[in-house]
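This report walks through the packing, the cores and a few individual residues of one protein model. Please keep the sequence and the coordinates at hand while reading.

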Amino acid sequence: MRRRRESVRMQAAGLFEQKIRPSEVARRLRVSVKSTYQWHQLWRDGGVQALASRGPSGSRCRLSPRSLEKLAVFLEEGPAAHGWVEDQVWTASRVATLIGRKFHVTYSVSGATRLMHRLGFSPQVPARRVAERDEQAVAVWKEATWAEVKGRGRTVGATSASRTKPGSPAGRPGGGHGAGAE
């Protein structure tokens, strides 16, 4: 993706050299006019080199390639192998904790999520249920109480999608105003 964007900027530089206006460059390359004006300014100030990619944005990964490989192995082993025995779910919070324990590097929950995606994993969200939940009581409540609370739906008959005009023109006395009025 980064290479493709750089390629478009280089095409723009070629068009700028031909004295083509930024708005026309935007049309030809199908990019925003704002971007082409920014590129034109960079090109004027620093030439083609100013439009070259500066590498990936953001901070660099704090784990070495070898540590990333180890982390992937740890994730494959599952949460139980690392002390989370209550379920087999890798949450981003657990992965951040695991990284801290194994590599002595602090990661935020969002940083751990990005790292998991980079390694081909996705964080799971555990189902939050009360330990004392009584499934039979829930079923009884749904059958008895929910039917009463929910109530009946609308009655069958003429309805309107508009809250301000409840009836149709055909039901109004005098035929109403509009295209069909005399």
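## Helix 1 against helix 2

Helix 1, which covers residues 2–17, packs with helix 2 at an angle of about 135 degrees, and their axes are 10 Å apart. With that angle, helix 1 is oblique to helix 2, and the crossing of the two is right-handed. As everything here rests on a predicted model, these values describe the prediction.

On the side of helix 1, the residues that meet the partner are Val8, Gln11, Ala12, Leu15 and Phe16, while helix 2 brings Pro22, Val25, Arg28 and Leu29. Sorted by class, this contact of helix 1 with helix 2 has 7 nonpolar residues, 1 polar residue and 1 charged residue.

## Overall makeup

The protein contains 7 helices and 0 strands, so that, in the order from the N terminus on, its elements read α-α-α-α-α-α-α. Of its 182 residues, 24% count as buried. Among the contacts with a separation of 6 or more, 45% are accounted for by residues 24 or more positions apart.

## Helix 4 against helix 5

Two packed helices are described by the angle between their axes and by the distance between those axes. For helix 4 (residues 65–77) and helix 5 (residues 92–103), the axes come within 11 Å and cross at roughly 125 degrees. Helix 4 and helix 5 are therefore oblique to each other, because an angle over 145 degrees would be needed to count as roughly antiparallel, and 65 to 115 degrees to count as roughly perpendicular. The crossing in which helix 4 passes helix 5 is right-handed.

Helix 4 makes this contact through Ser67, Lys70, Leu71, Phe74 and Leu75, and helix 5 makes it through Val95, Leu98, Ile99, Lys102 and Phe103. By class, 7 nonpolar, 1 polar and 2 charged residues take part in the contact of helix 4 with helix 5.

## Nonpolar cores

Which residues touch the most other members of the largest nonpolar core? They are Leu63, Leu71 and Ile99, in a core that has 18 residues. Helix 4, helix 5 and helix 6 (109–118) each supply at least two residues of this core, and the largest share, 5 residues, comes from helix 5.

Once its neighbours within four places in sequence are left aside, Ile99 is in contact with Leu63, Leu71, His104, Val105, Tyr107 and Leu115. Apart from the core of which Ile99 is a member lies another core, of 11 residues, and among them are Leu15, Ile20, Trp39 and Trp43. Leu15 is also one of the residues of helix 1 that meet helix 2.

## Two residues with positive phi

Most residues other than glycine have a negative phi. Arg30, however, has a phi near 55 degrees, which is a positive value in a residue other than glycine. Arg30 is placed in the loop between helix 2 and helix 3, and with a relative accessible area of 78% it is exposed, because values over 50% count as exposed.

The phi of His104 is likewise positive, near 55 degrees, and His104 is also a residue other than glycine. His104 lies in the loop between helix 5 and helix 6.

## Two partly exposed residues

Cys61 is found in the loop between helix 3 (33–46) and helix 4, where, at 29% relative accessibility, Cys61 counts as partly exposed. The C-alpha atoms of Cys61 and Gly111 are separated by 9.5 Å, although the two residues are 50 residues apart along the chain.

Glu24 has its place in helix 2 (residues 22–29), and with a relative accessible area of 22% Glu24 is partly exposed; the cut-off for counting as buried is under 20%. Between the C-alpha atoms of Glu24 and Thr36, which are 12 residues apart along the chain, the separation is 9.1 Å.

Terms used
Residues numbered from 1 in each chain as written. Predicted model: local features only at pLDDT ≥ 70, side-chain atom pairs only at ≥ 80, totals over all residues. Heavy atoms only, no water. Axes fitted to C-alpha atoms, helices over the stretch in contact; angles between N-to-C directions. Helix = DSSP H or I, 4+ residues; strand = E, 2+ residues; numbered from the N terminus. Parallel < 35°, antiparallel > 145°, perpendicular 65-115°, else oblique. Left-handed = near helix turned anticlockwise from the far one by under 90°. Contact = heavy atoms within 4.5 Å. Nonpolar A, V, L, I, M, F, W, Y, C, P; charged D, E, K, R; others polar. Buried < 20%, exposed > 50% of the residue type's maximum accessible area, 1.4 Å probe, protein only. Core = buried A, V, L, I, M, F, W, Y, C linked by side-chain atoms within 4.5 Å.
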